[in-house]
Amino acid sequence: MAKKAYYGVVDGKSGNGIYLTWDECEREVKGVSGAKYKKFKTEKEADEFVNSGGQAANTTAKDEKADKPDIKSDTKPDIKPGHIDVYVDGSYNSDSNTYGYGVYMDDGKNQRIICGKGTCRYDGRNIEGEVAAARAALSEISKSGKYNSVTLYHDYQGIGSWADGDWKTNKIYTQSYRKFVNDIRSQGLDIDFRHVDGHSGVRGNEYCDKLAKVACGMELTRSDIEYVRDLYDVPGYPKSDECIIDNDAQHKDDTESSDDYEDPMGYAWFDESEYW
């Protein structure tokens, strides 16, 4: 049986999109000047390619790797006082058109989980979940007032590239995300975005991948359940639906007019300061 493939297309006959067969992809790009396309093994990689306007997916500068901690190791590097490490990931449930997100935070002494979900409004699928995860994490850290720096690990390149201005923000929610990060940084929080490869055994990233699936109502495999079993006693673990933040509850009066542009995804978080 042939392996499933995803063809990312930028500036094709129908604009940007992801296709599951070469025939569909060829129809979009053949004879179209300036069209870009690339084949990927995963939908997330294809999404990254399309959202970046045709830039290569999952690229990381070689000279950046030398000073990064061995985040695959089960033994965490020492975390300096005032600093916190954060992992984020998103998922998408096509049956309910719902994105989910998971956040795992560790300051060396305390761990915390945030899970949430919302209706996919901008056709961003799991990418909306990725953005929601980053925003949830940074919002909580900023509110706590206990940290002056954060390293945020993400497997979707846009989380760092949109925030740092390396990618264009062509959609309302990515524009809002960049403004949100700039506002947080203006308050004095030092944010270092670092890309990690998804599904590569990075423990924090694997945690968030499973948590995001739970949040949007996807079933976990037996191996997934075993993987997150040791998170059960971490504050914020979704032991019930009540532990999952519902972003839609903040959407009731939203519109997509420019006047409401600043925060179109309507985030609000639980106040659980006792966990810090």
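Student: Where is Gly217 found?
Tutor: This is a predicted model, in which local features need pLDDT of at least 70, side-chain atom pairs count only at pLDDT 80 or more, and totals for chains, interfaces and linings use all residues. Residues are numbered from 1 along each chain as its sequence is written, and side-chain values use heavy atoms, leaving out hydrogens and water. Helices are DSSP runs of H or I with at least four residues, numbered from the N terminus. Gly217 sits in the loop between helix 7 (203–215) and helix 8 (222–228).

Student: Is Gly217 buried or exposed?
Tutor: Buried means under 20% relative accessible area, exposed over 50%, and partly exposed in between (1.4 Å probe, protein chains only). Gly217 has a relative accessible area of 55%, so Gly217 is exposed.

Student: How many disulfides does a search of the whole structure find?
Tutor: A disulfide is a covalent bond between the sulfur atoms of two cysteines. Here the cut-off is a pair of cysteine sulfur atoms within 2.5 Å. The sulfur of Cys115 is too far for a bond, because the closest cysteine sulfur, in Cys208, is 8.2 Å away. The search of the whole structure gives a count of zero.

Student: What is the relative accessible area of Cys115?
Tutor: Cys120 is buried, with a value of 7%. Cys115 is buried too. For Cys115, the relative accessible area is 1%.

Terms used
Helices (H or I, at least four residues) and strands (E, at least two) are DSSP runs, numbered from the N terminus.
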